Amino acid sequence: MWWFQQGLSFLPSALVILSSAACVFPYVIGVLLHHVDPLVPYISDIGTTPPERSLFGIMLCFTSLLSIATMYVRYKQVSALNPEEPKILRLNKAGLVIGMVSCFGICIVANFQKNIVYVIHAFGASLTFGIGIIYILVQTIISYKMQPQIHGKDIFWIRFTMLLWCIISLVTMAICTLILIRLIGSDYLTRQRWNPQEKGCTFHIIATVSEWSLFFTFVSFFLTFIRDFQKISLHVEIRLFGPNLYHTQEQLLEDDQGTPITGSI
């Protein structure tokens with residue numbers, strides 16, 4: 001059996017592949033059609049012009065759904081492994097809520113383009129990455145509290161390192177953005193084409209590289225769930241309370257034939 005066939009490890013794997021493709025494919029299309037600069041544009045720039053805008057939006061919406069599924073499975077796993085640890089359970093619930101908010105931010109980014117409604121788009125990006133980093137922080141703390149009884153120290157240090165890199169990338173991007181706004185003005189926020197000789201271009205490149213670094217580190221964090229998810233299986237149970245869909249359970253109890261029909265897949 002291949003590693004991605006074990007348990008639910010396909011969930012974080014599919015999430016990383018789809019989210020990466022949601023940025024890489026539209027970027028390639030945008031460069032080929034001369035819609036974006038080939039030298040590291042902002043991720044938001046690849047979702048502003050058709051046809052790559054449509055692909056970007058659709059793939060990000062699917063990414064949001066996969067993210068929700070992955071975060072929920074992680075929530076259930078931590079709850080099952082720590083039934084008598086109230087501190088971990090509280091952190092786990094908080095992590096699930098924070099993760100859902102971050103997923104909502106992905107939907108906003110996918111549906112509100114930078115060049116049309118910048119304020120809403122920026123709000124969605126703040127939810128995605130800002131709140132998303134808090135989700136990574138919560139999961140890192142949970143990993144710390146679950147060692148060494150449930151897993152070793154290695155996974156904690158990997159997650160901690162990725163958390164630090166996300167924070168460094170976010171801070172670097174924010175600082176360069178503030179410098180560019182001071183040099184060029186607020187028009188910088190919606191600009192899509194740059195001349196290498198233009199004032200502030202160096203800070204622009206640093207900001208865009210930091211954003212791509214933040215994105216791929218943030219996405220890659222979910223790869224650390226693969227080994228955990230290999231030990232989780234999905235079980236669905238179906239219960240039928242009668243021979244057709246119009247009998248209620250109360251009516252069936254009055255009948256001699258009211259024996260529930262059960263099955264599982």
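**Figure 1. Helices α2, α5 and α7 at the second largest pocket.** In this predicted model, α2, α5 and α7 each supply at least two residues of the lining of the second largest pocket. Helices here are DSSP runs (H or I) of at least four residues, numbered from the N terminus. The largest share of this lining comes from α5, with four residues. In total 13 residues line the second largest pocket, and I150, H151, G152, R227 and D228 lie nearest its centre. A pocket is found on a 1 Å grid over the protein atoms alone, as an open set of points where a 1.4 Å probe fits, with protein on both sides within 12 Å along at least five of seven lines; lining residues have an atom within 4 Å of a point. The second largest pocket has a volume of about 330 Å³, a volume being the space filled by probe spheres set on the points, which are joined across faces, edges and corners. Its lining has five nonpolar, three polar and five charged residues. In this classification Ala, Val, Leu, Ile, Met, Phe, Trp, Tyr, Cys and Pro are nonpolar, Asp, Glu, Lys and Arg are charged, and the others, Gly among them, are polar.

Figure 2. D228 and R74 meet through their side chains in a salt bridge (3.4 Å, N to O). Because D228 lies in helix α7 (residues 226–229) and R74 in helix α2, this pair ties together parts that are 154 residues apart in sequence. A salt bridge is counted when a side-chain nitrogen of Lys or Arg is within 4 Å of a carboxyl oxygen of Asp or Glu. R159 also forms a salt bridge with D228, and here the closest N and O atoms are 2.9 Å apart. That pair links distant parts of the chain, with R159 in helix α5 (residues 153–184) and D228 in helix α7, 69 residues apart. Through shared partners, the salt bridges join R74, R159 and D228 into one network. D228 and R74 are both buried, and R159 is buried too. Buried means under 20% relative accessible area, computed with a 1.4 Å probe on protein chains only; exposed means over 50%, and partly exposed lies in between.

**Figure 3. The salt bridge of K114 and D45.** The count of salt bridges comes to three. One of them joins the side chains of K114 and D45 (2.7 Å, N to O). K114 is in the loop between α3 (86–111) and α4 (118–145), D45 is in the loop between α1 and α2, and the two are 69 residues apart. K114 and D45 are both buried.

**Figure 4. Surroundings of D37.** D37 is in the loop between α1 (10–32) and α2 (52–81). D37 counts as buried because its relative accessibility is 13%. Leaving out residues up to four places away in sequence, D37 touches Y27, V31, Q192, R193 and W194. Contact means heavy atoms within 4.5 Å.

**Figure 5. The largest pocket.** The largest pocket has a volume of about 480 Å³. Of the 18 residues that line it, Y118, A122, A125, M173 and T177 lie nearest the centre. Both α4 and α5 supply at least two residues of this lining, and α4 gives the most, with seven residues. By class, the lining of the largest pocket has 11 nonpolar, five polar and two charged residues.

**Notes.** Residues are numbered from 1 along each chain as its sequence is written, and side-chain values use heavy atoms, with hydrogens and water left out. As the model is predicted, local features need pLDDT of at least 70 and side-chain atom pairs count only at pLDDT 80 or more, while totals for chains, interfaces and linings use all residues.
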